[in-house]
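Morning, everyone. Please bring up the structure on your screens, and I'll talk you through it.

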There are 2 protein chains.
Amino acid sequence: MVVEDRPLYELSASEIADGIARRRFTPVEIVRACLERIAAREPVVGAWVHLDPDHALAQARALEAGPVRGPLHGIPVGIKDVLDTHDMPTGMGSPIYGGYRPPADASCVAMLRGAGAVILGKTVSAEFAGMTPGKTANPHDPSRTPGGSSSGSAAAVADFMVPLALGTQTGGSVLRPSSYCGIVGFKPSFGAINRAGLKMAAESLDTIGQHARTVEDVALLYGAFTGARKSPGRFTDSPPRVGLCRTFMWDEAAPETKDAVEGAAAAVATAGAEVTEVELPRAFEELMAARIVINNVERARALAFEWHHHRALISETLAEVLEQGLKTPPDDYVDALRLAERLRARIDDAFGACDVLLAPCVNGEAPTGLSWTGDPRLQGIWTALHLPAMSLPTHAGPNGLPVGIQLVGRLHDDHRLLAAGRWVLSLYR
Amino acid sequence: MVVEDRPLYELSASEIADGIARRRFTPVEIVRACLERIAAREPVVGAWVHLDPDHALAQARALEAGPVRGPLHGIPVGIKDVLDTHDMPTGMGSPIYGGYRPPADASCVAMLRGAGAVILGKTVSAEFAGMTPGKTANPHDPSRTPGGSSSGSAAAVADFMVPLALGTQTGGSVLRPSSYCGIVGFKPSFGAINRAGLKMAAESLDTIGQHARTVEDVALLYGAFTGARKSPGRFTDSPPRVGLCRTFMWDEAAPETKDAVEGAAAAVATAGAEVTEVELPRAFEELMAARIVINNVERARALAFEWHHHRALISETLAEVLEQGLKTPPDDYVDALRLAERLRARIDDAFGACDVLLAPCVNGEAPTGLSWTGDPRLQGIWTALHLPAMSLPTHAGPNGLPVGIQLVGRLHDDHRLLAAGRWVLSLYR
């Protein structure tokens with residue numbers, strides 16, 4: 001089925017919501033279109049770890065038979081496989097959890113169902129949302145990584161298998177794959193999407209986030225978790241004030257990363273936005289190392305059971321992280337927490353009068369090969385600061401592959417970030 | 001078996017560790033002593049929701065057959081039934097989870113096993129660590145509540161069924177039952193005991209805590225989670241500097257609560273501690289209401305699945321909390337988070353030169369009846385500030401029942417709090 005010459009699977013979530021409301025098509029037709037796209041493309045992309053077409057269609061039929069449940073009525077969503085689903089296995093990207101069936105949905109999954117979403121299936125996660133990838137390839141070039149750890153969610157949305165998916169970000173696991181796959185990634189303020197039913201990785205960093213192809217869709221989905229307004233606000237009187245923040249890693253950045261960030265700064269200035277340079281105080285540079293200490297120690301503690309009982313099933317890469325965590329002196333961990341807390345209290349001042357910061361998102365295009373999901377540092381600093389951040393698919397690198405930019409908002413100022421994201425992305429579409 | 005005329009079940013964890021190390025008795029003898037005490041007293045106290053004597057003894061025998069595993073080698077610990085155990089059912093205090101077997105141990109449970117502890121059994125929790133109590137009675141007077149929500153853990157430790165137990169505190173769920181039952185309760189800094197495998201209640205408040213009969217035992221247990229030193233430090237040069245903080249609820253406080261706090265202030269001053277009055281800025285009074293908003297909204301989100309699928313199995317009391325949470329405007333929740341974050345950044349100044357604050361812990365003795373676990377407000381304000389806090393069994397009320405005092409430390413300054421707690425409690429023993 002096509003609508004205005006576009007196959008249904010290409011529609012955005014907002015277009016699907018609108019079309020279902022106007023009875024131009026039904027939830028079953030939408031789910032069927034997504035399933036057909038998956039059937040055609042999954043052998044190349046490998047985005048899904050669990051997909052039961054009959055169960056997905058049954059959900060859609062049940063929605064058709066009942067009243068409109070909420071703003072996501074009939075919209076398919078993919079769920080990263082570290083989030084519990086009561087009706088699908090939840091494998092955590094690890095053989096240790098093969099076939100595991102949780103007793104309940106994660107909070108975010110239950111809220112999606114309450115809003116009428118169809119839980120289409122479970123998407124590939126790197127092992128325990130870490131750095132050891134699963135089978136997923138980059139849909140733009142299957143010889144390259146899609147990024148991780150939310151590999152399947154980003155690839156599935158980028159490849160039009162599903163309009164929306166959930167991911168999680170402890171370092172850069174939502175924004176990096178979104179950038180590599182050329183879609184919109186959104187990591188809200190820490191804790192904004194409730195984490196009950198998430199397999200914890202590093203609990204003072206873990207944040208549930210979203211993958212979509214438009215900023216409007218991000219806002220639509222976000223509303224299901226927070227009860228907040230369903231479409232991003234607009235900068236009607238004047239454009240957003242943008243702080244250009246190159247960060248400490250600028251000298252190491254690939255040319256295409258510099259081009260993307262400086263190109264975006266020029267584009268928003270041309271469109272009337274006030275752009276100022278924002279330099280983070282030196283203390284923020286120490287956060288790079290502190291984030292790694294926190295990550296290692298908290299992961300080692302969170303996986304204490306798996307470490308004791310299933311060590312042979314833990315990858316070498318993860319085992320090294322856990323060993324680092326186990327041998328970190330307790331005071332180093334507390335010092336790292338203290339530093340992060342101090343800097344979280346200071347970052348608001350660094351924004352000055354800016355509404356959002358414009359920063360590099362990834363260092364270059366997606367790397368070749370599927371064994372490494374890329375460098376998390378450019379995303380991780382903002383995760384550690386608990387700030388909302390999003391990747392926007394604005395640029396391409398030397399091989400024509402996506403290179404996103406990153407916008408960062410103030411804590412709890414997620415809606416302003418979404419509004420700014422919409423404004424910026426509109427300059428490119 | 002008795003040691004120096006004391007039955008084994010009366011020994012502290014530190015004494016057990018010492019006795020096992022010197023081969024005065026074995027882990028099996030310790031577990032057997034605890035099981036015998038439980039057999040005698042459980043019909044009155046009702047502290048346990050799952051207890052399999054054979055499995056407990058098997059753990060002890062396995063420890064005896066192997067090398068010393070760690071500082072808790074052979075020490076029995078009770079686990080609140082909202083913490084996952086891979087070898088015992090985990091019921092969350094709710095019929096919804098009857099018979100549920102988690103796939104893994106919670107982080108804290110796995111770390112206990114790694115340190116050599118015997119996981120004796122699961123203790124009664126109020127429904128989802130909230131306000132609807134289970135079967136447990138106060139061991140000092142079975143017509144009274146033991147407090148909650150860590151009811152079984154506090155009662156079991158107070159009644160010499162087990163030397164140590166884990167609880168969780170979202171409002172006052174560790175310190176209140178500890179105070180009502182006349183033992184030492186310890187809620188460390190937010191996040192200090194990793195929460196992976198805890199059934200989330202309100203995730204920005206939930207803190208795993210400890211119940212013990214001595215401060216030394218609290219420190220011994222705490223070391224297993226943090227890798228930090230095993231015994232509390234000492235104030236050798238000079239006594240701790242104590243800030244007497246009556247809080248905004250002083251006018252409402254029962255006479256025995258005022259007597260306990262003022263009596264303790266006088267006692268520490270007599271013993272040489274510098275005592276200053278600390279008055280919290282008025283802004284902190286608003287935290288009382290903000291804490292409730294955060295609690296309601298986060299609980300409603302965390303239990304979204306249970307609400308949709310098992311509403312008939314949710315108690316009236318909890319249903320009211322969830323309904324309040326569901327109808328809270330999103331901005332009110334964010335405003336409450338913002339207030340809590342602002343005050344967390346300010347509380348350090350309120351300490352001035354004090355090492356710890358001395359504050360009321362509970363409003364009077366344990367209330368009569370088993371249907372209400374008592375008022376969480378005096379504990380909850382410090383939980384919302386993420387500060388480490390402990391209850392010390394220093395006083396008694398008009399009916400001879402325990403009325404504890406509360407000591408509060410600065411964030412991450414848990415060891416100083418433990419040292420101060422030992423110093424203060426030594427004045428009463």
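I'll take the sheet, then the helices, then the chain contact.

This is a predicted model: local features need pLDDT of at least 70, side-chain atom pairs count only at pLDDT 80 or more, and totals for chains, interfaces and linings use all residues. Residues are numbered from 1 along each chain as its sequence is written, while chains are lettered from A and ligands numbered from 1 in the order written.

The sheet, then. It is open and mixed, with 11 strands in chain A, ordered β3-β5-β4-β6-β8-β7-β12-β13-β11-β9-β10. Strands are DSSP E runs of at least two residues, helices H or I runs of at least four, both numbered from the N terminus. Strands pair if DSSP finds at least two bridges between them. At the edges sit β3 (48-50) and β10 (275-277) of chain A, each pairing on one side only.

Now the helices. Which helix lies across β6, β7 and β8 of chain A? That is α7 (residues 215-226) of chain A. Helix α1 (residues 13-21) of chain A packs on α7(A) at about 70°, axes 8 Å apart. Axes are lines fitted to C-alpha atoms, for helices over the stretch in contact, and angles run from 0 to 180 degrees between N-to-C directions. So α1(A) is roughly perpendicular to α7(A), a label for 65 to 115 degrees.

Last, the chains. 34 residues of chain A contact 34 of chain B. Contact means C-beta atoms, placed from the backbone, within 7 Å. Among the elements of chain A giving two or more residues to that side are α9 (287-302) and α12 (330-351).

Notes. Contact = placed C-beta atoms within 7 Å. Parallel < 35°, antiparallel > 145°, perpendicular 65-115°, else oblique.
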